[in-house]
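Subject: A structure for you to look at

Hi there,

Here is the structure I promised to pass on. Please open it next to this email and read along.

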Amino acid sequence: MSNNLFFNDEYEKIILNMMLIDNSVIDVITTQLTEDCFYSALNKDIFKGIKADFQNNGVCNLVTLQTRLPEILPVNIASLTEHIGSSANWNFYVDELQKLYKTRMMKQLLLQSNEELTPDNVNDIISTVDSSLIKCLNVGSNNAICVKELCPKLIESVQTAAKNKEPYIGYSTGWDKLSEILDGIQTGRQIIIGARPSIGKSAFALQLAGALAAQKIPVGYFSLEMQKMTLMKRLTALLSGLSIGSIVHGTCTASQNQIMKLQNAVSKIYEMPLYIHDEGLRNENDLFSRIRYMAKMNGVKVFFIDHLGLVKHSNRMMKRVEQLDDITQQLLHLAQELDIAIIPLCQLRRDAEGKEPSLNDLKDSGAIEQNADVCIFLHHERSRGEEEFLEAKVIVSKNRDGACGFAEMNFYPKLTKFVERSQ
């Protein structure tokens, strides 16, 4: 099918002339259309010029536009007056341009997908198509809504909460005090877990993942450092009370009591909707595609990324702080778009060693902290290998929609397990 069916130069020029003649429609049109909605490169430039002129000066006409766009021939700007349409009908022309733009997007997407599609990348292509379709549907969408339209939903949510009588808005973490501070793990959020190396970030995250999965909440765990069988052994230690060493070396089968503990733990794990991914990710786009796929196909509601520092970026020319800003920003958008919780783990700066951590201790904290809804830090003295447990604190230093505070815990190194002291 020819591309000339997918644009209308007359409609594009009518829209531009409307904006010049009646500046009052500029704001409403520019919220419904972007420059990409125009097929003609000349019309794109004129649209951008009108928008910039009006934003800077509060007015735009043939004279001011020509001054702003000296590279465009005056005759091309003056000729817009030949394309007449009533500004009262702006919504008709806007709707037509939106449909033409969506058609061009869909054609390009299908052609590109068809050319690149192979059995090896079919899942990635599906995720890309899914993302592009959402973008296509959102062209010109008005996200603003009058509060009166939200009132029935508010009443419904209060009635639902009263009926369910759940203690937390989100999912229980398995630790009472921490759940109380966070009001549970809530979807639509990015939650950072930070600590120095060997303090127990992975242990804490895996224990949290296991607690969520035990509630039949589908969980995805991206392990960029440890292999899946290592995680399985750690999870077994958490649930059985057997030491990680006895599971690794097989000494946990020395007695019938230990065998029963092992079997009970494995039975619990068997029932968990927990998905572990330990294969190498090429870059951040690979990670995003897999999150989309697992959210759509497996219904996963909470994702862990262990850890953020190992996620590669496709643009190697960017500084690392810029890469992390881009990665965490896109993860936040994914969390909001898919209504999921994303929990990346993050190492802290070297100078955070030995002291109670704070937001300033996040590596490249400006990028990571800004895009996080919640920041949680783990703190305890380093193990010397002899202690049964270490006194620990789990500190909520940032909570965009709730309280900050800390939960006092004990960390058991041989079990790689955190237990609240009150429990």
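Below are my notes on the sheet, some helices, the salt bridges and a surface patch.

First, the ground rules. This is a predicted model, in which local features need pLDDT of at least 70 and side-chain atom pairs count only at pLDDT 80 or more, while totals for chains, interfaces and linings use all residues. Residues are numbered from 1 along each chain as its sequence is written, and side-chain values use heavy atoms, with hydrogens and water left out. Helices (H or I, at least four residues) and strands (E, at least two) are DSSP runs, numbered from the N terminus.

(Axes are lines fitted to C-alpha atoms, for helices over the stretch in contact, and angles run from 0 to 180 degrees between N-to-C directions.) Two strands count as paired if DSSP finds at least two bridges between them.

Now look at β1 (residues 189-195). Seven of its seven residues are buried, so this strand is largely enclosed by the rest of the structure. Here buried means under 20% relative accessible area, exposed means over 50%, and partly exposed is in between (1.4 Å probe, protein chains only). In a regular strand, side chains alternate between the two faces of the sheet. In β1 both faces are covered: R189, I191, I193 and A195 are buried on one side, and Q190, I192 and G194 on the other.

Strand β1 runs parallel to β5 (residues 341-347), joined by five bridges, and parallel to β6, joined by four. You can find both links at G194, whose bridge partner is C346 in β5 and F377 in β6. Further along, β6 (residues 374-380) and β7 (residues 390-399) pair in the antiparallel sense over seven bridges. There, C375 has K398 in β7 as its bridge partner.

Helix α10 (residues 201-214) has 14 residues and should span 20 Å at 1.5 Å a residue, which agrees with the 20 Å between its end C-alpha atoms. (The expected span is 1.5 Å times one less than the number of residues.) This helix is mostly covered, with 13 of its 14 residues buried. Just after α10 comes K216, with a positive phi of about 70 degrees.

Helix α14 (residues 284-297) also has 14 residues, and its first and last C-alpha atoms are 20 Å apart, close to the 20 Å expected. Among its buried residues are L287, F288 and I291, but also E284, D286 and R292. After α14 comes G299, whose phi is positive, near 70 degrees.

**Salt bridges**

How many salt bridges does a search of the whole structure find? There are 14, each a side-chain nitrogen of Lys or Arg within 4 Å of a carboxyl oxygen of Asp or Glu. Three of them are worth a visit.

- K13 and D9 have their closest N and O atoms 2.7 Å apart. They are four residues apart in helix α1 (residues 9-21), so about one helical turn separates them. K13 is buried, at 12% relative accessible area, whereas D9 is partly exposed, at 28%.
- K48 and D45 meet at 3.8 Å, N to O. Both lie in helix α3 (residues 41-57), three residues apart, about one turn of the helix.
- K301 and D339 have their closest N and O atoms 3.8 Å apart. This pair links distant parts of the chain, 38 residues apart: K301 is in the loop between α14 and β4 (302-306), and D339 in the loop between α15 (320-338) and β5. Both are partly exposed, K301 at 22% and D339 at 39%.

**A surface patch**

Last stop: L117, V122 and I126 form a nonpolar patch on the surface, with about 230 Å² of accessible area together. Patches are made of residues with over 30% relative accessible area and no salt bridge, with like charges joined within 9 Å and nonpolar side chains (Val, Leu, Ile, Met, Phe, Trp, Tyr) within 5 Å. The areas come from the Shrake-Rupley method with a 1.4 Å probe, and for residues only the protein chains shown count as cover. L117 lies in the loop between α6 (90-116) and α7 (122-137) and is partly exposed, at 44%.

Enjoy exploring!

Best wishes
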